[in-house]
Amino acid sequence: MMKKRLFMSLALVMSYTLSACSSNNDSNGISEQEQQSESNRELVEFPENYDKGVNYTTVNRGNVREELYTSREAIEAVQDGQPIPDGTIITLEIYRDEDLDEIFVMEKRTGWADGNPSEMRNGDWLYQEFNGDKSVDYKEEIGRCFTCHANQERDDFVNTMDEMKSFDLGEFTGSKDGNTESQIAGIPTEHWEVKAADDLEGSQGILQGNRLMEEEKSGIIEKVLLMVHFNKET
């Protein structure tokens with residue numbers, strides 16, 4: 001009888017011990033390592049104006065379209081055989097049925113590798129997932145991002161290194177459409193002066209005290225530049 005009670009007591013102690021270990025190493029089904037990675041994801045903020053960078057490739061998968069962006073400096077480094085620079089941000093837009101659904105961001109900063117456990121460490125890259133409205137998607141498990149990119153260690157954990165290497169920077173104009181009008185619109189004209197000719201019909205109607213309003217001035221300059229460009233092309 002005494003032995004039976006002793007055995008039951010030992011079993012109870014072991015049960016509490018295992019339960020305590022489980023509580024320390026696992027919270028709501030998330031391991032300590034995953035919790036650490038989840039906290040580090042907050043270092044990656046939403047990259048405003050990312051779409052002014054290089055839209056270096058588009059991937060279509062059924063009703064899903066992916067647009068990838070990064071900086072010109074990152075593309076140049078890759079094409080020159082150099083490491084991807086510190087501070088590089090790669091942004092992936094994910095469209096479903098042409099609606100922006102998710103925005104995935106990976107960012108590289110020196111020393112960020114030290115913030116993750118060795119089992120979840122892809123160089124100095126950290127990841128973040130945003131919803132289409134730019135809010136953080138906390139439902140997305142960031143650990144999956146580490147796993148997905150881990151097999152690309154040879155390419156600095158970037159899945160689209162080949163697309164970076166083959167992209168023609170000569171075609172990059174700093175806009176999605178890359179058309180002539182957008183190139184001309186980007187020319188600074190603040191220091192230019194526009195004067196209305198006496199015989200230009202309707203010109204005086206847009207003058208205010210012999211000064212053109214800035215919007216009208218820019219519009220006139222852009223139209224003139226477009227005329228010069230197309231006359232030159234033909």
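Aspartate 156 is found in the loop between H4 and H5; helices (H or I, at least four residues) and strands (E, at least two) are DSSP runs, numbered from the N terminus. The model is predicted, so local features need pLDDT of at least 70 and side-chain atom pairs count only at pLDDT 80 or more, while totals for chains, interfaces and linings use all residues. Residues are numbered from 1 along each chain as its sequence is written, and side-chain values use heavy atoms, without hydrogens and water.

Aspartate 156 has a positive phi of about 55°, although it is not a glycine. At 18% relative accessibility, this aspartate counts as buried (buried means under 20% relative accessible area, exposed over 50%, partly exposed in between; 1.4 Å probe, protein chains only). Aspartate 97 also has a positive phi, near 55°, and is a residue other than glycine. Aspartate 97 lies in the loop between E5 and E6. Its relative accessibility of 54% makes it exposed.

The protein chain contains seven helices and nine strands. Of its 234 residues, 31% are buried. Contact means heavy atoms within 4.5 Å. Among contacts with a separation of 6 or more, 54% join residues 24 or more positions apart. The chain exposes about 15,700 Å², of which carbon and sulfur atoms supply 50%. Accessible areas come from the Shrake-Rupley method with a 1.4 Å probe; for residues, only the protein chains shown count as cover.

Helix H3 spans residues 72-79, and Ala74, Ile75, Ala77 and Val78 are buried in it. These residues cover an arc of only 160° around the axis, which puts them on the same side of H3. The arc is that of the directions from the helix axis to the C-beta atoms. An α-helix has 3.6 residues a turn, so residues three or four places apart point the same way. The buried residues of H3 pack against strand E3 (54-61), strand E4 (64-70) and helix H5 (161-166). Glycine 81 follows H3 and has a positive phi, near 75°.

Threonine 88 lies in the loop between H3 and E5. It is buried, with a relative accessible area of 3%. Beyond residues up to four places away in sequence, threonine 88 touches Thr70, Ala74, Met106, Glu107, Lys108 and Trp125. The C-alpha atoms of threonine 88 and glutamate 107 are separated by 5.8 Å, although the two are 19 residues apart along the chain.

Arginine 65 is found in strand E4. This arginine is buried too, with a relative accessible area of 17%. Its contacts, leaving aside neighbours within four places in sequence, are Thr58, Val59, Asn60, Glu93, Ile94, Tyr95 and Glu98. Leucine 100 is 35 residues from arginine 65 along the chain, and their C-alpha atoms are separated by 9.2 Å.

The largest pocket holds about 520 Å³ of space. Grid points are joined across faces, edges and corners, and a volume is the space filled by probe spheres set on the points. The lining comprises 21 residues, with Leu92, Phe104, Cys148, His149 and Asn159 nearest the centre. E3, E4, strand E5 (89-96), strand E6 (99-108) and helix H4 (143-150) each give two or more residues to this lining. H4 gives the most, with four residues.

Methods:
1 Å grid on protein atoms, 1.4 Å probe; cavity = no way out; pocket = protein on both sides within 12 Å on 5 of 7 lines; lining within 4 Å.
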